[in-house]
Number of protein chains: 2
Amino acid sequence: MNAYYTDEVHGHHEYLELGGFPLRSGYTLPDAKLAYKTQGTLNAAKDNAVLFPHMYSGTSASMEMYVGEGRPLDPSKYFVIFPGQFGGGFSSSPSNTPPPFDRGQFPPLAIADDVIAQHRLVTEHFGISRLHAVLGWSMGAQQTYEWAVRFPDMVPRAAVFAGNARTPVHNQIFIDTHTELMISDPAFRGGFYADGDDLTLALKRHAVAFSLMGLSAAFWRDELWRDLGFVSSDDFRQGFLRAYFAPMDPNNLLAQAAKWRGGDIGHHAGGDVAAALGKITATFFVSSFSEDLFFPPEDHDADCAHIPNGRRRPIETPMGHFGMFALREADQAAVDAVIAEMLAS
Amino acid sequence: MNAYYTDEVHGHHEYLELGGFPLRSGYTLPDAKLAYKTQGTLNAAKDNAVLFPHMYSGTSASMEMYVGEGRPLDPSKYFVIFPGQFGGGFSSSPSNTPPPFDRGQFPPLAIADDVIAQHRLVTEHFGISRLHAVLGWSMGAQQTYEWAVRFPDMVPRAAVFAGNARTPVHNQIFIDTHTELMISDPAFRGGFYADGDDLTLALKRHAVAFSLMGLSAAFWRDELWRDLGFVSSDDFRQGFLRAYFAPMDPNNLLAQAAKWRGGDIGHHAGGDVAAALGKITATFFVSSFSEDLFFPPEDHDADCAHIPNGRRRPIETPMGHFGMFALREADQAAVDAVIAEMLAS
């Protein structure tokens, strides 16, 4: 058991038992479970729930930083649900599933698998028939798209940050890069390592790719790591990027990465992304980060153009894709402003 | 002996024997040699020589595409010298140097080593006291900067394309990425492989990083590989990017990569890049490619601002750093235009 994926590190989680859960890939995951956290209280009318799925490498705790008294996502007003991802380490994942679906033989995942499990949580467990909103960053954006297209009657409003309806080819090549780096560790052994602590090299190499693409050229040029309390670029790479990924389980990350790579809302319309986006009835906010090397603004323009009630809200920041980590107050304020506008729309 | 680094593949080379060559790293390379090719004829006044060093992974043949009748670099007018790089496979390199400096124990290189060897070729071998011009792309740009600062009286005019006076930190992280991918092949064995043909995995992984960064997000978004005769993005990645690197020697590439990473003209002025650039007396053209993920235009602005006779000539292209491969006629024409202006200045 990896000590990272515990309540000690990430706070108290609840679990929905899903039983044998049919995955899009054709496998049935036995005794599947969906982990989640919540903040706030579901009101009597059950109309104040906001769903906030997380990004690659995150957990249900990752987006809690956007909830707070006086913030747009005020827990005195909204009931915020933070679902875990399959592969995220708390929900069913390579690291916590027994044979024959453990480690390197965990079945392939799709964004729709997460959303279908979340739909059961929202409807069957909480008895909610309509969410107030869905929002997410990166892979959280992919899940938001899936919600808005698959369950349009349940999603009156939504916001995506730095994520696309279909994973762009250039972004797939980035995923190939960090995947190759991860699996290159001889100790990886096709995923059949006994102890994740042996995978230090895999996680160190994987972090190099995120150093390359997670922030912008301007971040490094202007030495913005100084503002974050680091004394050199190497210090930041070691103290933030490597340290962030170091405790994680490689198989979990790879399960998420493959799901991310396959993200394509077009599966709702025979591969036609524009037609699938046309099914969205939500008032739908599309935000990008100006220097994002994962998901450039241009790809958000294209997505938004096909959404009937799409509203384009680009955000300027030198932090690139990591703009949503709230490492700078200005970024957090810009994201909060879009969330506030979306919640009130 | 790697069959790639032969005259059969790259045309006839000449060699200057350098004897024991002292490297900046403190090693003396025994029986060092500098490979080169030329086009055109050195005139009696010896004032028509143009030096055109090559980029990472290239050879003396790589830039020959910029020479031709009716082109700015017309061989009926100019004597064009294409020096090889140390580590390039023809000049002294890990792949062609005997023990104790072979393979994984080849000594560290600096851009200045190449330029000092080239200076001997130009002055001692050809008897040239002043070049007409120096120009280069990427690592060729690094050598051009070294020439212009180290030997200002010999360089009246110069042009750099997509390369900086100091390797930016973000670019160093890119080098770390492809280096990690290369050395991750278990057959690499710290560079002490017997046969480069065993390093297919290393070269395949290394090519992933160049797929990610060599071209632009727009190249993949707009499927510009179609214009190059490929039928899918995977077809291009396999047929162009992997195929290009596949025959090369990993130790050679790594020797060049480390040299590239350490590029810093500031060594001429106690680490002060601006002061070093202030020593340039050449009319110096600084070109960048608009979508370059290796060396963004902004870093060229900063370099040019410190060069007394600097002339900024940004080039618009969706081909990113590979704009200089002349894959599109428009790119070749844009580069030729800068070369023409520089040669006539």
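Which residue of β4(A) is the bridge partner of A:Thr38? In this predicted model, the partner of A:Thr38 is A:Ile81, and the bridge belongs to the antiparallel pairing of β2(A) with strand β4 (residues 79-83) of chain A, which runs over four bridges. Strands here are DSSP runs of E with at least two residues, helices are DSSP runs of H or I with at least four, both are numbered from the N terminus, and two strands are said to pair if DSSP finds at least two bridges between them.

Because the model is predicted, local features need pLDDT of at least 70 and side-chain atom pairs count only at pLDDT 80 or more, whereas totals for chains, interfaces and linings use all residues; side-chain values use heavy atoms, with hydrogens and water left out. Residues are numbered from 1 along each chain as its sequence is written, while chains are lettered from A and ligands numbered from 1 in the order in which they are written.

The pairing of β2(A) with β4(A) is part of an open sheet of eight strands in chain A, which has the order β1-β2-β4-β3-β5-β6-β7-β8 and mixed pairing. At its edges stand β1 and β8 (310-312) of chain A, each of which pairs on one side only. Neighbouring strands of the sheet are turned against each other by 20° on average, direction ignored; such angles are taken between axes, that is, lines fitted to C-alpha atoms (for helices over the stretch in contact), and run from 0 to 180 degrees between N-to-C directions.

Within this sheet, strand β1 (residues 14-22) and strand β2 (residues 28-39) of chain A pair in the antiparallel sense over seven bridges, one of which joins A:Glu17 to A:Lys33 in β2(A). The two strands form a hairpin with five residues between them, and A:Gly26 in the turn has a positive phi of about 100°. By contrast, strand β3 (residues 49-51) of chain A and β5(A) pair in the parallel sense over two bridges, with A:Leu51 standing opposite A:Val134 in β5(A). Helix α3(A) packs on the sheet, where it touches β3, β5, β6 (157-161) and β7 of chain A, and its direction makes about 150° with that of β5(A); contact means heavy atoms within 4.5 Å. Helix α2 (residues 111-125) of chain A lies across β1, β2, β3 and β4 of chain A and runs at about 125° to β1(A).

Where do the annotated residues of chain A lie? The UniProt annotation "active site", from an unreviewed entry, covers A:Ser138, A:Asp292 and A:His321; UniProt positions are given in the numbering used here, feature names are shortened, and annotations may be inferred rather than shown by experiment. These residues span 184 residues in sequence, yet no two of their C-alpha atoms are more than 10.9 Å apart, so they gather at one spot.

A:Ser138 has its place in the loop between β5 (133-137) and α3 (139-150) of chain A. At 4% relative accessibility A:Ser138 counts as buried, a word that means under 20% relative accessible area, with exposed meaning over 50% and partly exposed in between (1.4 Å probe, protein chains only). Leaving aside neighbours within four places in sequence, the residues in contact with A:Ser138 include A:Met55, A:Phe161 and A:His321. A:Asp292 is found in the loop between β7 (283-287) and α10 (297-305) of chain A, and at 4% relative accessibility A:Asp292 also counts as buried. With neighbours within four places in sequence again left aside, A:Asp292 is in contact with A:Ala162, A:Gly320 and A:His321.

The same surface serves both copies, since 100% of the contact residues of chain A recur in chain B.

In chain B, strand β7 (residues 283-287) and β8(B) pair in the parallel sense over three bridges, and B:Phe284 stands opposite B:Gly310 in β8(B). Helix α11 (residues 329-344) of chain B lies across β3, β5, β6 and β7 of chain B, running at about 160° to β6(B).
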